[in-house]
Each structure stands twice: as C-alpha cells, then as structure tokens.
Amino acid sequence: MKRFQIYLEDQLKSVSFAERDIESETSDIFIKQWLKTKHAIMFRLNNKVFQVDFFDGSRVSLKTDSKRLLIKSKKGEKQETTLQEVLDQKEGELSRRIKYIREILNRIKQK
C-alpha cells in the first residue's frame, strides 16, 4: 500500500493533464484496480486515468475519456499526445509499450 501512496503523491507533483483534472475534482482519488506484470504495474484510478509504470522508470498515462496520453521516458522526458497518433506509428519504443499494454488487457478480459 505504501507504493501506491508514493505513486499518488508523485502524480500530484508532476505537471500533466491528470494534475489539471485532479485539481478541478472535489472527490478524493483512489485506485479502482491494479495489476502487476513482469514488466510493469498498471493502475486504473477513479478519475478516469489509466496508468502503467514500467520497471525501467518510464510511464504511460491515458486519460480514457479524452484518449490523451502522457508519456514519461526512461530519461524523464515528458510528452503529451493522442492515443491515435501512437497507434498510427508502426515502430518505436512507445508503440511496443502500447501493444504490450493492450495484450495484457486483452488477456485479462478473456479470463
């Protein structure tokens, strides 16, 4: 549980679309679901943010209602883009990570 608390505090400190939405909400943020895999830990929060923290230090956050992504690279570089732009890419590290996330989520749905 301590890891989740640190995670949420880290989220509040970083400048992102999630933070802007969090500031405008009146309710508390909490984890609705989580899953640990071989390469990452995934969170679904009550504020419609789905986040994947990879163990190499990178992070992918998806604002599900707007399909906007916030990506943090291993080096700490941040970028904001749309899900469709990433899905249109045929190659690259980010494209592989999104495919990994989709594969895991599809496996969960099949169970």
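Two strands pair if DSSP finds at least two bridges between them. In this predicted model, β5 and β6 pair in the antiparallel sense over five bridges. The protein holds four helices and six strands, which follow one another from the N terminus as α-α-β-β-β-β-β-β-α-α.

**Overall composition**

- Of the 111 residues in the protein, 37% are buried.
- The protein exposes about 7,600 Å², and carbon and sulfur atoms supply 51% of that area.
- Among contacts between residues at least 6 apart in sequence, 30% join residues at least 24 apart.

**The sheet**

- The six strands form an open sheet in the order β1-β2-β3-β4-β5-β6, with antiparallel pairing.
- Strands β1 and β6 (78-82) are the edge strands, each pairing on one side only.
- On average, neighbouring strands of this sheet are turned by 15° against each other, direction ignored.
- Helix α4 packs on the sheet and touches β1, β2, β3, β4 and β5; the direction of α4 makes about 115° with that of β3.

**Strand pairs within the sheet**

- The antiparallel pairing of β3 with β4 runs over five bridges, and V49 stands opposite K63 in β4.
- In the pairing of β5 with β6, also antiparallel and over five bridges, R68 stands opposite T82 in β6.
- The hairpin of β5 and β6 has five residues between the strands, and G76 in this hairpin takes a positive phi near 95°.

**Helix α4**

- The buried residues of α4 are L94, S95, R97, I98, Y100, I101 and I104.
- These buried residues pack against the strands β1 (31-36), β2 (40-45), β3 (49-54), β4 (59-63) and β5 (68-72), and also against helix α3 (83-88).

**The largest nonpolar core**

- In soluble globular proteins, nonpolar side chains tend to be buried together.
- The largest nonpolar core has 16 residues, of which V52, F54, V60, L69, I98 and I101 touch the most other members.
- At least two residues of this core come from each of β2, β3, β4, β5, α3 and α4.
- Helix α4 gives the most to this core, with five residues.
- With residues up to four places away in sequence left out, F54 touches H39, A40, V60, R97, Y100 and I101.

**Residue M42**

- M42 has its place in strand β2.
- M42 counts as buried because its relative accessibility is 2%, and buried means under 20%.
- Not counting residues up to four places away in sequence, M42 touches Q33, W34, L35, T37, F50, Q51, V52, Y100, I101 and I104.
- M42 and D53 are eleven residues apart in sequence, and their C-alpha atoms are 6.4 Å apart in space.

Methods: Residues numbered from 1 in each chain as written. Predicted model: local features only at pLDDT ≥ 70, side-chain atom pairs only at ≥ 80, totals over all residues. Heavy atoms only, no water. Buried < 20%, exposed > 50% of the residue type's maximum accessible area, 1.4 Å probe, protein only. Contact = heavy atoms within 4.5 Å. Core = buried A, V, L, I, M, F, W, Y, C linked by side-chain atoms within 4.5 Å. Areas by Shrake-Rupley, 256 points an atom, 1.4 Å probe, with all protein chains shown as cover. Axes fitted to C-alpha atoms, helices over the stretch in contact; angles between N-to-C directions.
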